[in-house]
Every structure is written in C-alpha cells, then in structure tokens.
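Open the structure in your viewer and keep the selection tool at hand. The stops below go residue by residue.

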Amino acid sequence: MTDRLTHLESTVEELRQALQSHVGVSQEHQNNSVSQNLGHGARPASDLYESDFMAWCEGQAEALRSRAFDQLDLIHLIEEIEDMGREQFRKTTSLVRQILIHILNLKAFPQDPAVNHWRSEIAAFQNDLEDIVSGFIRYRFEQREEFAVQQQKALKQLQKQFPDVEFQRLEAMTLDEIMIWPEKVP
C-alpha cells in the first residue's frame, strides 16, 4: 500500500477514535444508534440506513451540522465516507478507459468517418475528468500504475469489437497528460 493510502486509513481510524472519545460513544451505542425523529416515529439511525438511505443521509448531515455527535451512526457513516473515495477513483478510471479507447480507435482508424465524433467524445470525457480529479486521485493513479491497467482493459474491449485489428499500445501517460491529450501525443 502506498504511504498516502496508509495515511488515509489511519486518519479514518483516528476520526473514529476521536469521535468515540469526544462524545463518549461506546461500540454498543454505535451499533444501536440514537433515534432520529422524521415525523413518522423515531427510528434508530442504523435501521433507517437499511430502510431509507436518503432520510439516513439527511439525518446524519443534520446531526453533523448541529454537532449532535451522539446521534451519528458512526459505523455506517465511516463506511460511506470510505466508499465515496473509492467511487471517485472508479469514476476516474472509467473515464480514463473511455478516453484510451477513443485514442486507440483514432490511431487504428485515422480515416474513419467517426474520427470527429471520437475527438468530441474525448473532449467530453476530459471535461468530466477535470471535474473529479484531485491531488490524491492523481497520486493514487500514478502509484497504482493505473494507466497500464486501464490501457489493458481498453485493448481487451477493443479486441472483442475488432478481433482482426492489431491495436498499437500507447506510450504511458500521466493523468494530467490524459486530460490534455492530444497536446501530449502527436
């Protein structure tokens, strides 16, 4: 694991411990959670998490805003925060893979009538990528050598679609270079 990932995991654990000690929340209390009143009877937050996720989110946000730490469903809240980070990374890799598929198509079929469409799609994916990329996602992308992973997935997908075409592998690119292609690659 990278140093940054280890640091993130320890930060999540520190948050968990700090909240427990700050508000005196025991593990038993976390599992039972304090009831949230939503107008149709009080329900434990952990039950609400399973039955009405949107209401659970709103209740947790309100508890945080009002600093009612004793009302937090810490177990589920920590899981959701961790999942949010993983989801951002999945979105990043998915967009990168789509960009690579289109670049590989451009290189393999430079005279195809779809060239302008592929370039347009690349620009749209790059805009989406710019909206979600952060410093930590850049770091994780580089540390995991994610370019090679996503290029392999793109090639596999294209080989299924075009079994008779030999696609040329792209030279490795950083996330920033992918976001400004074709400036990086002639």
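In which helix is Q157 found? Select Q157 and you are in helix 8. This is a predicted model. Q157 counts as partly exposed because its relative accessibility is 39%, which lies between the 20% and 50% cut-offs.

Next, select H102, which has its place in helix 5, residues 74-108. Is H102 buried or exposed? With a relative accessible area of 9%, H102 is buried, since buried means under 20%. Show its side chain: a polar atom there lies 2.7 Å from the backbone oxygen of Q98. Then look beyond the neighbours within four places in sequence, and H102 is in contact with W118, E121, I122 and F125.

The next stop is the largest nonpolar core, which has 30 residues. Select L129, M173 and I178, the members that touch the most other members. Helix 5, helix 6 (115-132), helix 7 (135-143), helix 8 (146-161) and helix 9 (175-180) each supply at least two residues of this core. Helix 5 gives the largest share, nine residues.

Stay with L129 and display what surrounds it. Neighbours within four places in sequence aside, L129 is in contact with T92, L95, V96, I99, L175, I178 and M179.

For the last stop, select L48, A55, W56 and A68. These four are among the 11 residues of a second, separate core.

Technical notes
Residues are numbered from 1 along each chain as its sequence is written. This is a predicted model: local features need pLDDT of at least 70, side-chain atom pairs count only at pLDDT 80 or more; totals for chains, interfaces and linings use all residues. Side-chain values use heavy atoms; hydrogens and water are left out. Helices (H or I, at least four residues) and strands (E, at least two) are DSSP runs, numbered from the N terminus. Buried means under 20% relative accessible area, exposed over 50%, partly exposed in between (1.4 Å probe, protein chains only). A polar contact is a pair of N or O atoms within 3.5 Å; within protein, one must be able to donate a hydrogen and the other to accept it, and residues adjacent in sequence count only if both atoms are side-chain atoms. Contact means heavy atoms within 4.5 Å. A nonpolar core is a set of buried Ala, Val, Leu, Ile, Met, Phe, Trp, Tyr and Cys residues joined through side-chain atoms within 4.5 Å.
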